[in-house]
Amino acid sequence: MLPEAAREAVQHATSAARETCHDMVAKAEETGVRAKEYVRQNPIPVVLGALALGVALGYLAVISRRHEQTLRERYVDDPLISARDAIYAALAPAAQRLHDGYDSAREGAGKAMDKLHRARSADSWSDQIGRIGSNLKFW
């Protein structure tokens, strides 16, 4: 159990926190009302200010990402990358046909192996039947 002095301190702290929270909510609501009223009274400057802020932030974002190319990047790397992309684009249909041909050949080889396996098992059956038949000669 808490002593009486501690209980009073907790109650005092709780009430002070509630008052502070209530004051902050009231000030936030008042600020929101004032901002809405200002926007209603001055719509054009607010829109232009928001537009200017957006343009400035966008410009800063572009400037921070802008990278000036070195001579090597501009005259060696970029042309090589473009040439590589062009070669890949030109070879893509041939690569697809090659891949399709490989798949077809693999499928055909699988079917041939299945037929060969069936033929071998059929040969062994026919050999066995032939041996049984030669042993059963009556004349």
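The model is predicted, with local features needing pLDDT of at least 70 and side-chain atom pairs counting only at pLDDT 80 or more, while totals for chains, interfaces and linings use all residues. Residues are numbered from 1 along each chain as its sequence is written, and side-chain values use heavy atoms, with hydrogens and water left out.

**View 1. Aspartate 103 and arginine 106 in helix H3.** These two residues form a salt bridge in which the closest N and O atoms are 3.5 Å apart, a salt bridge being a side-chain nitrogen of Lys or Arg within 4 Å of a carboxyl oxygen of Asp or Glu. Both partners lie in helix H3 (residues 71-135), three residues apart, which is about one turn of the helix; helices are DSSP runs (H or I, at least four residues) numbered from the N terminus.

**View 2. Arginine 34 and glutamate 30 in helix H1.** The salt bridge between arginine 34 and glutamate 30 has its closest N and O atoms 2.7 Å apart, and both residues belong to helix H1 (residues 4-41), where they are four residues apart, about one turn of the helix. Arginine 34 is exposed at 57% relative accessible area, whereas glutamate 30 is partly exposed at 40%.

**View 3. Arginine 84 and aspartate 85.** The side chains of these residues meet in a salt bridge at 3.3 Å, N to O. Arginine 84 is partly exposed, with a relative accessible area of 40%, and aspartate 85 is also partly exposed, at 40% relative accessibility.

Technical notes. Helices (H or I, at least four residues) and strands (E, at least two) are DSSP runs, numbered from the N terminus. Buried means under 20% relative accessible area, exposed over 50%, partly exposed in between (1.4 Å probe, protein chains only).
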